[in-house]
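Student: I have a structure open, and I would like to learn how to read it. Can we go through some features together?

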Amino acid sequence: MSAFTKKAIADSFLKLLREKPIDKITIKDIVEDCGINRNTFYYHFEDVPALVEVILREETERVLGEHLGEDSWEEGFIAAARFALENKRSIYHIYNSVNREIFEQYLNRIGMDVMERFVEKAAKGYEVQEEDKRLMASFYRAALTGMILDWLSSGMNYEPEDVIRRLGVMLAGGIEGAFANMSHMG
């Protein structure tokens, strides 16, 4: 029952978020839409920002779970971009609110998890230190999440899947090349 109630609260919040900015959504709005009392809300969530954080964390886990075995980093980023497009209005309400930091943490977490797995696969056959793998993953995560944030700030006015795939072609072999160069350094 608790998981059902938690999901119902999240669903009501997401419904309201499609209708109005996050700073205009009150706990009263959520509980009235959901058909529960305030105490039930507070049993599950401390406040609205905590609810946003849980929703984004669960979405992160879903995206990562679906793309855990991918051979390319592109699919994980495409999945995150699709989620943003499917929830465009809600994403903008979060992105343009005081909860932007939570949203950016969501993007960075997905980006880092995807890039760490991809870099780990690319490092096979090379003698690479863990700190160098982490640096490489962090570099690509920063570049790619930066591009996603630019896309968001531009109004999501182009199809991100095409850009991500083109970038994948441009960067193909870049990680392996860097590791090969490092192995020559001794």
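Student: At what angle do helix α1 and helix α2 pack?

Tutor: First, the general idea. Two packed helices are described by the angle between their axes and the distance between the axes. Here, α1 (residues 2-19) and α2 (residues 27-34) pack at about 115 degrees, and their axes are 9 Å apart. That makes α1 roughly perpendicular to α2. Roughly perpendicular covers 65 to 115 degrees; under 35 is roughly parallel, over 145 roughly antiparallel, and the rest oblique. Axes are lines fitted to C-alpha atoms, for helices over the stretch in contact, and angles run from 0 to 180 degrees between N-to-C directions.

Student: Where do these values come from?

Tutor: This is a predicted model: local features need pLDDT of at least 70, side-chain atom pairs count only at pLDDT 80 or more, and totals for chains, interfaces and linings use all residues. Residues are numbered from 1 along each chain as its sequence is written, and side-chain values use heavy atoms, with hydrogens and water left out.

Student: Which residues make the contact of α1 with α2?

Tutor: Contact means heavy atoms within 4.5 Å. From α1 come A8, I9, S12, F13, K15 and L16; from α2 come D29, I30, D33 and C34. By class, the contact has six nonpolar, one polar and three charged residues. Nonpolar means Ala, Val, Leu, Ile, Met, Phe, Trp, Tyr, Cys and Pro; charged means Asp, Glu, Lys and Arg; the others, Gly among them, are polar.

Student: Which residues of α2 are buried?

Tutor: Buried means under 20% relative accessible area, exposed over 50%, and partly exposed in between (1.4 Å probe, protein chains only). In α2, the buried residues are I27, I30, V31 and C34. They cover an arc of only 90 degrees around the axis, so they sit on the same side of α2. The arc is that of the directions from the helix axis to the C-beta atoms. After α2 comes G35, with a positive phi near 80 degrees.

Student: Where is a positive phi found in a residue other than glycine?

Tutor: Look at M156, with phi near 50 degrees. M156 is in the loop between α8 (130-153) and α9 (160-171). With a relative accessible area of 4%, M156 is buried.

Student: What does L14 touch, apart from its sequence neighbours?

Tutor: L14 belongs to helix α1. Its relative accessible area is 25%, so L14 is partly exposed. Leaving aside neighbours within four places in sequence, L14 contacts I55 and S90. Now take a pair by distance. L14 and E127 are 113 residues apart along the chain, and their C-alpha atoms are separated by 47 Å.

Student: How many helices and strands does the chain have?

Tutor: Helices (H or I, at least four residues) and strands (E, at least two) are DSSP runs, numbered from the N terminus. This chain has 10 helices and zero strands. The C-alpha trace spans about 65 × 35 × 25 Å along its principal axes. Of the 186 residues, 44% count as buried. Among contacts with a separation of 6 or more, 71% join residues 24 or more positions apart.
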